[in-house]
Amino acid sequence: MSRGTVSLGLAGSLGPEAIARIAPAVESFGFHTLWVNDTPDGDALAALAAASRVTERLHLATGVVPVDRRPAQEIAADVVSLGLPLDRLTLGIGSGASKEGALARVRDAIAVLHEEGMPRVLVGALGPKMRRTGAEKAEGVLLNWVPPSEAHAQAGALHAIAPAAHVAVYVRTAIVSAARARLDAETARYASFPNYAANFERMGVDAADTTIRDVTELGDALVAYTAAADEVVLRAIVPEDTVEAYVDFARRTAPSPG
């Protein structure tokens with residue numbers, strides 16, 4: 001994958017049917033990968049399986065599956081049973097809510113996924129130890145809630161450790177004013193979590209500094225983020241969770257015309 005690839009992120013809670021309707025537009029507009037997060041009310045693998053059946057080239061990724069809730073053996077079995085195409089699939093995993101034993105849990109999950117034939121695993125990571133684990137044990141890391149300068153510094157440190165490691169960065173993005181309230185609410189929610197609050201303090205930034213808040217910011221932000229990381233994932237924040245709103249977001253942020 002070339003440096004500065006642009007991808008699109010959706011919420012797993014949209015469900016397989018809606019995501020299957022959005023995916024062809026994501027592919028036609030030139031995004032490299034469709035990322036879908038995994039939550040108790042949104043099965044990322046089921047959504048990606050639906051997307052895989054209506055696309056040909058679009059890569060597919062989970063961003064991320066918490067392995068304290070969904071063990072690696074179960075993830076691998078679901079990939080097989082759903083018929084997900086391994087040549088297009090990236091499994092993004094994270095430690096989950098529990099801090100105790102997080103590094104060992106993720107290392108074990110990476111090993112299981114590789115043993116089960118899953119070729120590409122990225123680790124969602126905040127701290128340096130988890131980032132290093134992703135770079136050394138998996139195929140790379142997914143950064144989240146970081147400004148471009150920090151993405152550049154973290155990617156540089158990881159590439160020094162593991163030159164082939166893939167560094168993706170997830171950036172919550174709103175391009176219309178009507179979506180800004182939802183973005184503000186999500187930003188405030190994450191800023192209230194102790195581990196994220198501590199991370200923002202370490203970086204010396206406000207949580208809002210790690211987001212794209214308007215279409216007028218998009219161009220400069222993409223230049224900065226694509227210079228910093230191997231892949232930028234625009235996590236779409238839209239006014240309402242309709243297929244039409246997400247397709248419009250994809251059209252207006254498209255790397256290339258459909």
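Figure 1. Val238 sits in the loop that links strand S8 (231-236) to helix H10 (243-252); helices (H or I, at least four residues) and strands (E, at least two) are DSSP runs, numbered from the N terminus. This is a predicted model, where local features need pLDDT of at least 70 and side-chain atom pairs count only at pLDDT 80 or more, while totals for chains, interfaces and linings use all residues. Residues are numbered from 1 along each chain as its sequence is written, and side-chain values use heavy atoms, with hydrogens and water left out. Val238 counts as buried because its relative accessibility is 3%; buried means under 20% relative accessible area, exposed over 50%, and partly exposed in between (1.4 Å probe, protein chains only). Skip the neighbours within four places in sequence, and Val238 is in contact with Ala179, Arg182, Ala245, Tyr246 and Phe249, where contact means heavy atoms within 4.5 Å. Ala174 is 64 residues away from Val238 along the chain, yet their C-alpha atoms are separated by 6.4 Å.

**Figure 2. Helix H2 and what surrounds it.** Helix H2 covers residues 44-52 and is mostly covered, with 8 of its 9 residues buried. The buried ones are Ala44, Leu45, Ala47, Leu48, Ala49, Ala50, Ala51 and Ser52. What do the buried residues of H2 pack against? Their partners are helix H1 (16-28), strand S2 (33-36), strand S3 (59-66), helix H3 (72-82) and strand S4 (89-94).

Figure 3. Look in the loop between S2 and H2 for Asp41. At 59% relative accessibility, Asp41 counts as exposed. The side chain of Asp41 makes a polar contact of 2.6 Å with that of Thr39. Here a polar contact is a pair of N or O atoms within 3.5 Å; within protein, one must be able to donate a hydrogen and the other to accept it, and residues adjacent in sequence count only if both atoms are side-chain atoms. Asp41 and Pro255 are 214 residues apart in sequence, with 30 Å between their C-alpha atoms.

Figure 4. Most residues other than glycine have a negative phi, and most peptide bonds are trans. The peptide bond from Gly63 to Val64 is cis, though, with omega near -10 degrees, and Val64 belongs to strand S3. Trp145 isn't a glycine, but has a positive phi of about 60 degrees. Trp145 is in the loop between strand S6 (140-144) and helix H6 (148-161). Is Trp145 buried or exposed? With a relative accessibility of 1%, Trp145 counts as buried.

Figure 5. Thr226 is part of helix H9 (residues 215-228). A polar atom of the Thr226 side chain lies 2.5 Å from the backbone oxygen of Leu222. An α-helix has 3.6 residues a turn, so residues three or four places apart point the same way. Thr226 and Ile110 are 116 residues apart in sequence, and their C-alpha atoms are 27 Å apart in space. Arg189 is in helix H7 (residues 180-191) and is partly exposed, with a relative accessible area of 42%. Between the C-alpha atoms of Arg189 and Val171, which are 18 residues apart along the chain, the separation is 15 Å.

**Figure 6. Stepping back to the chain around these views.** The chain has 10 helices and 8 strands, and 53% of its 258 residues are buried. A compact globule with 258 residues would have a radius of gyration near 18 Å, and the chain agrees with 17 Å; the radius is taken over C-alpha atoms, and the globule rule is 2.2 Å times the number of residues to the power 0.38. Along the principal axes, the C-alpha atoms fill a box of roughly 45 × 45 × 35 Å. Of the contacts between residues at least 6 apart in sequence, 76% join residues at least 24 apart.
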